[in-house]
Amino acid sequence: MKLIIGLGNPGRQYEKTRHNVGFMVIDKLADDLSISLDRQKFNGIYGIGHISGEKVILLKPLTYMNLSGECIRPLMEYYEVNEEEIVVVYDDLDLPVGKTRLRTKGSAGGHNGIKSMIHHLGTQEFNRIKIGIDRPTNGMKISDYVLGQFTEDDKQGITESINTSASACEKWLTHSFVQVMNEFN
């Protein structure tokens, strides 16, 4: 079984914000893999499908970013998913727009959603796909920036990153994450 988690914030006001690129990847995967996000439990919305003989869960925590782990841990326990069988997709301020980076472990790097996951999972060792959103250059507060919309100049790069991240997730369904990391980094 594989669990793909996209981090973001619920609600229409956050739909197209920088902090919601993880949700955007889950929506793309749901479309591409024909998996309906039709279940709501554990403070999340998710769907289950079977791809290449593998059971796949796509998850969007609805706890708001800072509490993401409160949704993820109970779902993992219920479906008996271990840390090696998950990948989490989220925004990264330290990468330029349009850049993605795959890792098998690491610190939270200041990302509150990842801090929550590390706290609730009790480990930093889980697969991740980071999507670059860059940092504000005009003195804007980080919280206002990540909750803001993408500029017109950024939209093409973000679309490419979402597509790349979704492709990496799909490849992971039939290959090891290390193989996927080597191909997509």
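**Stop one: the cores**

Select I4, L29, L58, L102 and I129: they have the most contacts inside the largest nonpolar core, which has 33 residues. Such a core is a set of buried Ala, Val, Leu, Ile, Met, Phe, Trp, Tyr and Cys residues joined through side-chain atoms within 4.5 Å, where buried is under 20% relative accessible area (1.4 Å probe, protein chains only). Helix α1 (21-33) gives this core its largest share, 7 residues. Helices (H or I, at least four residues) and strands (E, at least two) are DSSP runs, numbered from the N terminus.

A quick note: this is a predicted model, with local features needing pLDDT of at least 70 and side-chain atom pairs pLDDT 80 or more, while totals for chains, interfaces and linings use all residues. Residues are numbered from 1 along each chain as its sequence is written, and side-chain values use heavy atoms, with hydrogens and water left out.

Now zoom in on L102. Beyond four places away in sequence, L102 touches R128, I129, A168, F177, V180, M181, F184 and N185 (contact: heavy atoms within 4.5 Å).

**Stop two: the sheet**

Colour the strands next. You'll find 7 of them in an open, mixed sheet, ordered β2-β3-β4-β1-β5-β7-β6; strands pair if DSSP finds at least two bridges between them. At the edges sit β2 (39-41) and β6 (100-103), each pairing on one side only.

Pick β1 (residues 2-6): it runs parallel to β4, joined by 4 bridges. Which residue of β4 is the bridge partner of I5? That's L59.

Notes. Buried means under 20% relative accessible area, exposed over 50%, partly exposed in between (1.4 Å probe, protein chains only).
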